[in-house]
Amino acid sequence: MRFIPLIVARPEVQMAIDEAIMRARIEGKVPDTVRLYAFNPSSVTIGRFQSVRHDVDLDAAGRLGIPVVRRITGGGSVFHDEFGEITYSVVIGEDYHPALRNVEESYRYLAGPLVDALKELGLDAGFSGLNDIVANGKKISGSAQTRRKGVILQHGTFMYATRVEVLAKVLRISKAKLSDKGVSSIWERVTTLEREGIKLNRWETYELLKDKFFAAFELEEGQLTDYELELAEKLIEERYGNPEWNEMR
């Protein structure tokens with residue numbers, strides 16, 4: 001498997017790279033791939049079938065200079081803080097491991113290194129529901145997935161110092177959704193390493209996660225191919241940098 005070192009870029013670039021890797025993997029041009037990346041500027045990504053206006057406060061996002069981009073994966077709206085979040089991405093064939101045939105098992109198998117990282121830091125960590133990871137009972141990571149022609153793309157967050165107050169301003173989180181989780185505010189629902197008393201910077205967090213992914217998978221450091229980079233540029237133009245794609249319902 002290939003590991004792509006940290007890329008820091010705008011949301012339309014990151015989402016285009018993830019899809020480009022998936023397409024190249026489907027075509028047999030690249031191996032299974034893991035990468036870690038960060039958004040700059042802080043951004044919001046929304047699920048493939050979400051309504052932007054229903055799930056994101058576009059006025060607040062505009063005032064704060066936070067772009068909004070639609071993913072090809074499912075799931076809800078996600079705030080990616082440039083000052084406190086790293087995203088992981090895995091593109092992998094369903095035949096890599098038996099766990100990947102089952103959706104719930106696949107989420108846990110592919111996001112397992114995040115739980116390992118949290119446990120190494122001394123936190124009580126584990127999975128909750130289909131695609132969340134909790135630390136000391138609060139959500140610290142969420143993942144989303146799509147499958148095409150026997151290949152899985154799964155990506156998700158790892159919040160080491162996300163500004164929850166900014167998250168609360170830009171995402172529209174319904175009271176019903178919070179009550180379903182048994183809480184009344186986002187502050188009771190979400191946490192970060194910093195809120196749990198652990199201060200790591202981006203590079204310390206990156207190295208911790210990288211170590212855990214290398215322990216879980218047989219990885220070799222590599223780079224994106226010219227084919228993937230050209231495909232990503234095309235996808236930015238057609239999709240992720242296109243308001244029609246990002247604002248569609």
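**Ground rules**

I number residues from 1 along each chain as its sequence is written. The model is predicted, so local features need pLDDT of at least 70, side-chain atom pairs count only at pLDDT 80 or more, and totals for chains, interfaces and linings use all residues, while side-chain values use heavy atoms, with hydrogens and water left out.

**Entry 1: E19**

I started with E19. It is found in helix α1, residues 11–26. Helices (H or I, at least four residues) and strands (E, at least two) are DSSP runs, numbered from the N terminus.

Is E19 buried or exposed? Its relative accessibility is 0%, so E19 counts as buried. Buried means under 20% relative accessible area, exposed over 50%, and partly exposed in between, with a 1.4 Å probe and protein chains only.

I then looked up its neighbours. E19 touches I72, R148, L235, R239 and Y240, leaving aside residues up to four places away in sequence. Contact here means heavy atoms within 4.5 Å. The side chains of E19 and Y240 are joined by a polar contact of 2.4 Å. A polar contact is a pair of N or O atoms within 3.5 Å; within protein, one must be able to donate a hydrogen and the other to accept it, and residues adjacent in sequence count only if both atoms are side-chain atoms.

**Entry 2: E12**

Next I checked E12, which also lies in helix α1. E12 is buried, because its relative accessible area is 15%. Its side chain makes a polar contact of 2.8 Å with the side chain of R10. Beyond four places in sequence, E12 touches V69, I236, Y240 and G241.

**Entry 3: α1 against α9**

How do α1 and α9 pack? Helix α9 covers residues 226–240, and α1 packs with α9 at an angle of about 125 degrees, with axes 8 Å apart. Axes are lines fitted to C-alpha atoms, for helices over the stretch in contact, and angles run from 0 to 180 degrees between N-to-C directions. That angle makes α1 oblique to α9. Angles under 35 degrees count as roughly parallel, over 145 as roughly antiparallel, 65 to 115 as roughly perpendicular and the rest as oblique.

I noted the handedness too: the crossing of α1 and α9 is right-handed. A crossing is right-handed if the near helix is turned clockwise from the far one by less than a right angle, and left-handed if anticlockwise.

I listed the meeting residues. From α1, they include E12, M15, E19 and R23, and from α9, they include E228, L231, L235 and Y240. The residues of this contact divide into 13 nonpolar, no polar and five charged. Ala, Val, Leu, Ile, Met, Phe, Trp, Tyr, Cys and Pro count as nonpolar, Asp, Glu, Lys and Arg as charged, and the others, Gly among them, as polar.

Which residues of α9 are buried? They are E228, L231, A232, L235 and Y240. These buried residues pack against β1 (2–9), α1, β4 (68–70) and α10 (243–247).

**Entry 4: H155**

I moved on to H155, in strand β10, residues 151–159. H155 is buried, with a relative accessible area of 6%. Its touching residues include M15, D18, Y37, T73 and S143. The H155 side chain makes a polar contact with the D18 side chain at 2.7 Å. A polar contact of 2.8 Å joins the side chains of H155 and T73. H155 and V91 are 64 residues apart along the chain, yet their C-alpha atoms are separated by 8.6 Å.

Most residues other than glycine have a negative phi, and most peptide bonds are trans. I looked for exceptions.

A cis peptide bond joins N40 and P41, with omega about 5 degrees. P41 lies in the loop between β2 (33–39) and β3 (43–46).

N136 has a positive phi, near 50 degrees. N136 lies in the loop between β8 (132–135) and β9 (138–148). Its relative accessibility is 40%, so N136 counts as partly exposed.

K149 has a positive phi of about 50 degrees. K149 sits in the loop between β9 and β10. K149 is exposed, with a relative accessible area of 76%.
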